[in-house]
Amino acid sequence: MPRKSNLVLWGVVLFVAWNALLLFFLWTRPGTDDHGTLTNKVIQLAQDAEKELERQKNLLQQIHDYSAIWSRQRKKLATTRSPIAHAAVPQPAIKGPPATKPLQQTSALPQPDNTVIPVLVIACDRSTVRRCLDKLIQHRPSKERFPIIVSQDCGHEETARVIANYGDAVRHIKQPDLADIPVPSDHRKFQGYYKIARHYRWALSQVFFSLKYKAAIVVEDDLEVAPDFFEYFGATFPLLRDDSSLWCVSAWNDNGKEQMVDNQHPEALYRTDFFPGLGWLLLADLWEELEPKWPKAFWDDWMRHPDQRKGRACIRPEVSRTMTFGRKGVSHGQFFDQYLKFIKLNDHYVPFTEQDLSYLKKENFEQTFLAEVYDAPEVRVEELLGNRRKELGAVRVQYSSRDTFKAFAKALGVMDDLKSGVPRAGYRGIVSFLFRGRRVFLAPRRDWTGYDPTWS
């Protein structure tokens, strides 16, 4: 371990020395009498310096990240060598969502799972798919474990050329049926939704039935992923595989605006009854269940119906691991300007595979989460809007009907639409978010008995 500490020190020394040499080089460059040429060279030098400083900033960040990891490893090694390693050490009580509680770094951690999990990119006519693919390739830790399959619909030649430029870094497959789909006369404007559903059915069938993968991560061509995107899905895959009360893991928080999430705890994860999509992991078994009854259109809302969900939940993060940059699409920017473009993309790498995520199992999560919600003092929306009673910390706002939920959600900046009675990011009717820096639970009564589909 001292050797690794020395490496960190030498990295910092090299960083400082390089920048000193760079500054010396800039100061000692020969001048010129040509004022225009001098101006151009100064601008070019400034641009070069800016690029080099950015590269050095990234290097220093990597050094910082590795230093933190080595520090944790040293502590873990010291613990295993200590004769009191198994003694019970009292932990201070921490207020906040259950995922913010200290995570046990013990032998109970799940064993590493090397199941191959492809990333299925759903593409059509956006040549900006390169932004999505660039980030996926940049952040994936292994080409072998996380192969990228781009499934393209629409027959758009420019987009096809962009995808082809990636060579063997991705696998490019093309949806063969490009014909228009007969739709009811009142659905003509929804033709795009019918084609999307057809494409999803074909692409997922290729991944699970033809290529025989056991799981897949689905993203669309207008999503950018966070640095720990693959770490997140790699760590949560065993949970999804082993817990029958889960049916997906999503990278998305519907209420993930920057001011509404706890950026100090990017490791926080939750269960949600709402299907989030926008970067999600599913198992082959689920596709075998859904494919025979796959809808002709509006597949995501269909997924949110009780007949499909069957009481199962998804895992979702406090801070989103995807963000969308695609305002253009079949939805014509619905929600984009009001919500989607403000979603915070996580920028702090979290080593999820080193953490004990057993708190997300249904019985563990409900015991901790429900106690925290209903032990929180109840306040009125007016008190929150007036920034009163701040001394209370986390608080609860109670709703009793569809109308009160929508009114409170709008007042507090939460997405207020309901799908089959389920609020976005909700679990047992509870929506957790930050409002002006404090944790708020928008929750039904403690004796809540289930969702009412007529609330949609």
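This is a predicted model: local features need pLDDT of at least 70, side-chain atom pairs count only at pLDDT 80 or more; totals for chains, interfaces and linings use all residues.
Local features require pLDDT of at least 70 and side-chain atom pairs pLDDT 80 or more, whereas totals for chains, interfaces and linings use all residues. Side-chain values use heavy atoms, without hydrogens and water, and residues are numbered from 1 along each chain as its sequence is written.

Strand 2 (residues 148-152) is mostly covered, with five of its five residues buried (under 20% relative accessible area, 1.4 Å probe, protein chains only). Helices (H or I, at least four residues) and strands (E, at least two) are DSSP runs, numbered from the N terminus. I148, V150 and Q152 point one way from strand 2, and I149 and S151 point the other way.

Strand 2 runs parallel to strand 1 (residues 119-123), joined by five bridges; pairing requires at least two DSSP bridges. V119 has I148 as its bridge partner. Four bridges join strand 2 to strand 3 (residues 171-174), also in parallel. Here S151 stands opposite I173.

A search of the whole structure finds 23 aromatic pairs (Phe, Tyr or six-membered Trp ring centres within 6.5 Å; planes under 30 degrees apart are stacked, over 60 edge-to-face, the rest tilted). Y200 and W299 form a tilted pair, 4.4 Å centre to centre with 35° between the planes. Y200 lies in helix 5 (residues 191-210) and W299 in helix 8 (residues 299-303), 99 residues apart. Y200 is buried at 2% relative accessible area, and W299 is buried at 7%. Ring pairs link Y200 and W299 into a cluster with W247, F275, W280, W287, W294 and W302.

Methods
Buried means under 20% relative accessible area, exposed over 50%, partly exposed in between (1.4 Å probe, protein chains only).
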